[in-house]
Amino acid sequence: VSQSRYKITDIRLLRPDGSPLNPYTPGAPIRLEVDVEKDDSPQLGLDFFCKGPLGENLAFGSFHFFNGKLLPAKAGKYKCCIELDGLNLASGDYDVEARLTVPFVRYEDSQELAGAIRVIFCNPTGGSGDLKAGMNLGCLAWVSQKEVRIEGR
């Protein structure tokens, strides 16, 4: 009985131009690159997570679920790349985890990149106050570009 062999060999987070991501500017786009080695086992998907300071999943992405892409069934080495919308993260350090998956069945291999995203300062409105992870404010700056309305009842 042969055993399937596949693994994530590297994870990189970059700016869209290929330069180093850190320090990360909240809301800026991110290029995620994941290197995978695999045998001729069935096609695999690739999921990824942004993890908060306590290891909690803050954001989820997927080549398969959101983009309809699977790794080829053919054995080989593959570089998986995706250009992501930015995350409005509070200042702090965030890990990124990539997982190979048999879609709808199980995760096969994972690799975590500790401190993958380092936010030095966050204030989405341009103010001087720094929104920091761990201030019991949450980790994502959830902002609106529309005018705020406050109505009496």
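Strands β6 (92–102) and β7 (106–119) form a hairpin with three residues between them, and F104 in the turn has a positive phi of about 70 degrees. Strands here are DSSP runs of E of at least two residues and helices are runs of H or I of at least four, both numbered from the N terminus. The model is predicted, so that local features need pLDDT of at least 70 and side-chain atom pairs count only at pLDDT 80 or more, while totals for chains, interfaces and linings use all residues. Residues are numbered from 1 along each chain as its sequence is written, and side-chain values use heavy atoms, with hydrogens and water left out.

**Overall architecture**

- The chain contains one helix and seven strands, and from the N terminus on its elements follow the order β-β-β-β-α-β-β-β.
- Of the 153 residues, 35% count as buried; buried means under 20% relative accessible area, exposed means over 50%, and partly exposed lies in between (1.4 Å probe, protein chains only).
- Among contacts with a separation of 6 or more, 66% come from residues 24 or more positions apart; a contact requires heavy atoms within 4.5 Å.

- F104 is found in the loop between β6 and β7 and is exposed, with a relative accessible area of 70%.

**Backbone exceptions**

- Most residues other than glycine have a negative phi, and most peptide bonds are trans.
- F104 has a positive phi although it is not a glycine.
- A cis peptide bond, with omega of about 0 degrees, joins N22 and P23; P23 is placed in the loop between β1 and β2.

**Strand β2 and its partners**

- β2 is mostly covered, with eight of its nine residues buried.
- On one pairing, β1 and β2 are antiparallel over eight bridges, and K38 in β2 is the bridge partner of Y6.
- Nine bridges join β2 to β5, again in an antiparallel arrangement, with E83 in β5 as the bridge partner of R31.
- E37 lies in strand β2 and is partly exposed, at a relative accessible area of 28%.
- Leaving aside neighbours within four places in sequence, E37 is in contact with R5, Y6, K7, T9, G76 and K77.
- E37 and D10 are 27 residues apart in sequence, and their C-alpha atoms are 9.9 Å apart in space.

**Nonpolar core**

- The largest nonpolar core holds 29 residues, of which I8, L13, L32, V34, L46, L100 and I117 touch the most other members.
- Two or more residues of this core come from each of β1 (6–14), β2 (30–38), β3, β5 (76–84), β6 and β7.
- Such a core is a set of buried Ala, Val, Leu, Ile, Met, Phe, Trp, Tyr and Cys residues joined through side-chain atoms within 4.5 Å.
- Apart from neighbours within four places in sequence, the contacts of I117 include L13, L21, Y24, C50, L89 and V96.

**Largest pocket**

- The largest pocket has a volume of about 230 Å³, a volume being the space filled by probe spheres set on grid points joined across faces, edges and corners.
- A pocket is an open set of points on a 1 Å grid over the protein atoms alone, where a 1.4 Å probe fits, with protein on both sides within 12 Å along at least five of seven lines; lining residues have an atom within 4 Å of a point.
- Its lining has 14 residues, and F48, C50, A59, L84 and L87 lie nearest the centre.
- β2, β3 and β4 (57–62) each supply at least two lining residues.

- A73 lies in the loop between α1 (63–67) and β5 and is partly exposed, with a relative accessible area of 35%.
- A73 and D40 are 33 residues apart in sequence but 5.3 Å apart in space, C-alpha to C-alpha.
- Not counting residues up to four places away in sequence, A73 touches K38, D39, D40, S41 and Q43.

Notes:
Pairing = 2+ DSSP bridges.
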